[in-house]
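Here is a short walk through one protein model. Keep the structure in view as you read.

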Amino acid sequence: MVRGVGGQMDVVTGLVRSSYLVNAVYAESARALGLPPQQGQLLCVLMPQPYPMSELGAILGLAKSSLTGLVDRTARRGLVRRETCHHDGRAVVVALTEEGAALAEEFYQGTRRRVDALLGDLSGAERTALAELLARVVETNRVPVVFLESDGEPAPAGDRHSVPNSSA
């Protein structure tokens with residue numbers, strides 16, 4: 001393992017490498033269910049509620065054409081459906097189907113188990129400290145809710161409709 005000065009990995013390297021690790025686990029969870037990772041992410045985002053296409057694009061950081069393609073492919077699999085927005089008949093809302101909700105839950109739980117296993121060497125106190133630090137990073141950078149808290153509720157940190165600040 002490559003370490004910085006004093007034999008310790010710096011925080012930027014640690015976050016980037018952790019992101020790589022979590023993305024690999026996310027992809028593994030999706031693959032286990034026959035899903036592309038982007039479809040798994042879409043299902044997780046829709047778990048708490050349906051979203052208008054414009055909000056989904058902001059949450060997922062996708063251009064309109066890319067989002068349309070993702071929603072189309074996921075709808076063809078019977079996992080999401082488009083609905084007319086109740087308060088704006090011109091807007092389209094994307095919601096999970098019954099099958100989509102079941103698969104989303106399976107994907108979510110599998111991902112939680114796999115990521116939790118990565119933390120096996122950490123004590124309870126270390127896990128708590130890491131969670132607190134990550135929550136601060138997420139909140140400061142207004143990361144949208146793309147994964148629920150373990151109790152099934154959106155995380156209080158961050159803003160569910162913000163796009164991560166890439167300049168920070």
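Threonine 97 sits in the loop between β3 (92–96) and α5 (98–118). Helices (H or I, at least four residues) and strands (E, at least two) are DSSP runs, numbered from the N terminus. The model is predicted: local features need pLDDT of at least 70, side-chain atom pairs count only at pLDDT 80 or more, and totals for chains, interfaces and linings use all residues. Residues are numbered from 1 along each chain as its sequence is written, and side-chain values use heavy atoms, with hydrogens and water left out.

Is threonine 97 buried or exposed? Threonine 97 is buried, because its relative accessible area is 14%. Buried means under 20% relative accessible area, exposed over 50%, and partly exposed in between (1.4 Å probe, protein chains only). Leaving aside neighbours within four places in sequence, threonine 97 is in contact (heavy atoms within 4.5 Å) with Gly78, Leu79, Val80 and Arg81.

Now find helix α3 (residues 53–60) and helix α4 (residues 64–76). Their axes come within 10 Å and cross at roughly 105 degrees. So α3 is roughly perpendicular to α4. Axes are lines fitted to C-alpha atoms, for helices over the stretch in contact, and angles run from 0 to 180 degrees between N-to-C directions. Angles under 35 degrees count as roughly parallel, over 145 as roughly antiparallel, 65 to 115 as roughly perpendicular and the rest as oblique. Met53, Leu56, Gly57 and Leu60 in α3 meet Leu67, Thr68, Leu70 and Val71 in α4.

Finally, arginine 142 lies in the segment after α6 (124–140). Arginine 142 is partly exposed, because its relative accessibility is 44%.
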